[in-house]
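Let's walk through this fold together, with the sequence and the model side by side. We will start with a term, then turn to the sheet, the core and the rings.

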Amino acid sequence: MKKLLFFLSTVFFAFIIKPKKIVAPVIQKHEHLYPGTNLPIEPGDLLFSPIGKKESRYIGHVGIVTKDNKVIHSVPSGVVQDHMEAYFNKFSNMRIYSAKDRKSGDAAADWAVKLQREHPHANYKIWTPISRMNGQQYCTKIVWQSYYFGAGVNLGKISPHAKSVHPERLKNRRYLSRK
């Protein structure tokens with residue numbers, strides 16, 4: 001009986017009460033490179049993370065890079081613009097995609113800035129048409145709209161009426177290449 005209790009308490013501790021994992025902060029040494037890499041930052045780049053540390057804990061996340069190397073993305077508190085280093089510290093396992101056409105990336109980045117300026121306090125709502133310009137946003141919607149309305153590119157060939165689009169659907173190799 002003692003062995004069984006010891007075993008159960010060990011299992012409980014190992015699987016239920018996990019020690020907090022400490023992650024060293026990501027530091028950006030060069031303003032023109034992504035933190036911890038030798039990859040150049042370009043306007044319109046898309047930063048995908050399968051799981052975030054805070055805002056997007058379960059479903060994944062995507063943000064778009066501006067011309068001043070910030071990242072625009074949607075979180076429950078609204079449409080925000082983070083410094084690159086802060087973004088990399090919020091989200092993990094980053095995958096970076098860049099526009100094959102630099103003009104498209106620039107135009108999408110400009111549209112994202114406009115959208116963030118016009119809707120900084122947008123409600124975070126996933127079940128909303130992806131092309132509808134209103135005060136309801138989520139990360140995929142911002143990125144898709146930035147390319148669709150800013151650059152004339154329909155990432156993922158998504159219907160403008162689609163709702164609740166996962167960030168992974170935006171990875172369109174016709175227009176984007178992985179860095």
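## Terms and model

A residue is called buried when its relative accessible area is under 20%, exposed when it is over 50%, and partly exposed in between, using a 1.4 Å probe and protein chains only. By that rule Phe48 counts as buried, at 1% relative accessibility.

This is a predicted model, in which local features need pLDDT of at least 70 and side-chain atom pairs count only at pLDDT 80 or more, while totals for chains, interfaces and linings use all residues. Residues are numbered from 1 along each chain as its sequence is written, and side-chain values use heavy atoms, with hydrogens and water left out. The pLDDT, the predictor's confidence in each residue on a scale from 0 to 100, has a mean of 85 for the protein, with 80% of residues reaching 70 or more. Please read residues 3-16 with care: their pLDDT is below 50, and beyond near neighbours in sequence this stretch has three contacts (heavy atoms within 4.5 Å) in the model. Residues 18-22 also stay under 50, with one contact beyond four places in sequence.

## The sheet

Helices (H or I, at least four residues) and strands (E, at least two) are DSSP runs numbered from the N terminus, and two strands pair if DSSP finds at least two bridges between them. Six strands make an open sheet with antiparallel pairing, in the order E4-E3-E2-E1-E5-E8. Strand E4 (78-83) and strand E8 (176-178) stand at the edges with a single partner strand each, so one side of each has no neighbour in the sheet.

Inside the sheet, E1 and E2 are joined antiparallel by four bridges, and Leu46 stands opposite Ile64 in E2. On the E5 side, three bridges join E1 to E5, where Tyr97 is the bridge partner of Leu46. E5 in turn pairs with E8 over three bridges, with Tyr97 opposite Arg178.

What does E5 look like in terms of burial? Five of its five residues are buried. Arg95, Tyr97 and Ala99 point one way, and Ile96 and Ser98 the other way.

## The core

A nonpolar core is a set of buried Ala, Val, Leu, Ile, Met, Phe, Trp, Tyr and Cys residues joined through side-chain atoms within 4.5 Å. The largest one has 27 residues, of which Leu46, Ile64, Tyr147, Leu155 and Leu170 touch the most other members. Strands E1 (46-49), E2 (61-65) and E5 (95-99), together with helices H3 (102-118) and H4 (139-151), each supply at least two residues. H4 gives the most, with five.

Leaving aside neighbours within four places in sequence, Leu155 is in contact with residues including Leu46, Val143, Tyr147 and Leu170. Apart from this core lies another, of 11 residues, among them Ile41, Leu47, Met84 and Met94.

## Aromatic pairs

Rings of Phe, Tyr and Trp (its six-membered ring) pair if their centres lie within 6.5 Å; planes under 30 degrees apart count as stacked, over 60 as edge-to-face and the rest as tilted. The whole structure has seven such pairs. Phe48 and Tyr97 are edge-to-face, 5.4 Å centre to centre with 80° between the planes. Phe48 lies in E1 and Tyr97 in E5, so this pair ties together parts that are 49 residues apart in sequence.

Trp144 and Phe149 form another edge-to-face pair, at 6.4 Å and 85°. Trp144 is buried at 0% relative accessibility, whereas Phe149 is partly exposed at 33%.
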